[in-house]
Amino acid sequence: MKDASGLPQSLLVLGGTSEIALATARRMIARRTRTVRLAGRPSPGLERAAEELRALGADVRTVTFDALDHESHETVLGKVFAEDDIDMVLLAFGILGDQAYDEREPAGAVRVAQTNYTGAVSAGLVAARALQTQGHGSLVVLSAAAGERARRSDFIYGSSKAGLDTFTQGLGDALYGTGAHVMVVRPGSVRARTAAGPARSPLSTTPEEVATAIELGLRRGSEAVWVPASLRPVTTVLRHLPRAVFRRLPL
């Protein structure tokens with residue numbers, strides 16, 4: 001059970017190789033999380049992630065989970081909840097796609113949409129129902145600032161995140177008062193601290209910074225978290241710009 005701090009003792013990660021998810025798991029383990037379930041497609045990367053977290057002192061198991069296999073979600077997640085009390089579910093899977101390629105090959109665009117939106121809707125509903133049945137727990141969903149307004153450079157990805165964001169807000173309203181809590185997280189451009197290349201943009205972030213914001217959001221009982229916080233007023237302005245002006249911006 002979560003304590004007065006709002007932080008979980010047990011964590012289920014959907015998308016167990018996500019850099020943000022692993023940074024969050026490390027941070028939660030450093031606080032009070034002792035049980036972690038990493039769900040994802042079987043891979044050496046998933047096993048390495050599990051070993052890393054075990055070395056921090058947590059009881060970690062991997063769970064075979066495929067975002068695109070919607071029919072399996074109820075069975076797979078139901079088994080996890082039947083075996084453990086889960087205080088927090090972190091929905092962290094998603095793909096960027098390749099905008100230029102996906103515009104020419106619609107099957108690629110469909111994969112982005114099915115992974116980021118359809119798969120998340122399926123897994124999110126199953127997890128939310130399980131948390132509601134428990135009477136407690138948080139569902140934390142990684143959305144993106146890109147979902148606030150479609151940009152020419154990534155409108156396929158952005159549209160999938162826009163749908164996910166709207167879904168998550170509605171799900172939070174549906175669960176209000178049940179004991180289950182829903183929080184949407186909207187990071188800007190995320191890059192690893194060690195990434196080479198140009199200097200960081202003031203509106204970019206790192207997995208560790210997103211993890212810090214998630215912890216703060218849980219402590220506050222927030223329903224939406226922006227990372228960095230300065231993104232919120234910026235995207236509000238961009239969302240209301242006339243399209244003729246918005247098209248001319250170097251976004």
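Where is Pro-228 found? Pro-228 sits in the loop between strand E7 (224-227) and helix H8 (231-239), and the peptide bond that joins Val-227 to Pro-228 is cis, with omega at about -5 degrees. Helices here are DSSP runs of H or I with at least four residues, strands are runs of E with at least two, and both are numbered from the N terminus.

Before going further, keep in mind that this is a predicted model, where local features need pLDDT of at least 70 and side-chain atom pairs count only at pLDDT 80 or more, while totals for chains, interfaces and linings use all residues. Residues are numbered from 1 along each chain as its sequence is written, and side-chain values use heavy atoms, with hydrogens and water left out.

Now to the helices, starting with H1. The axes of H1 (residues 19-31) and H2 (residues 44-54) come within 10 Å and cross at roughly 20 degrees; axes are lines fitted to C-alpha atoms over the stretch in contact, and angles run from 0 to 180 degrees between N-to-C directions. H1 and H2 are therefore roughly parallel, a label for angles under 35 degrees, with over 145 roughly antiparallel, 65 to 115 roughly perpendicular and the rest oblique. Their crossing is right-handed, meaning that the near helix is turned clockwise from the far one by less than a right angle. Leu-22, Ala-25, Arg-26 and Ile-29 of H1 touch Ala-49, Glu-52 and Leu-53 of H2, where contact means heavy atoms within 4.5 Å.

H1 also meets H7 (residues 207-220): the two axes come within 8 Å and cross at roughly 55 degrees, which makes H1 oblique to H7. This crossing is right-handed too. On the H1 side, the residues in contact include Ile-20, Ala-23, Arg-27 and Met-28, and among those on H7 are Val-210, Ala-211, Ile-214 and Leu-218. By class, this contact has eight nonpolar, two polar and seven charged residues; Ala, Val, Leu, Ile, Met, Phe, Trp, Tyr, Cys and Pro count as nonpolar, Asp, Glu, Lys and Arg as charged, and the others, Gly among them, as polar.

Elsewhere, H3 (residues 70-83) pairs with H5 (residues 106-134), their axes coming within 10 Å and crossing at roughly 35 degrees. The H3 and H5 crossing is right-handed. H3 contributes His-70, His-73, Glu-74, Leu-77 and Phe-81, while Ser-122, Ala-123 and Val-126 are among the H5 partners. The tally for H3 with H5 is seven nonpolar, seven polar and two charged residues.
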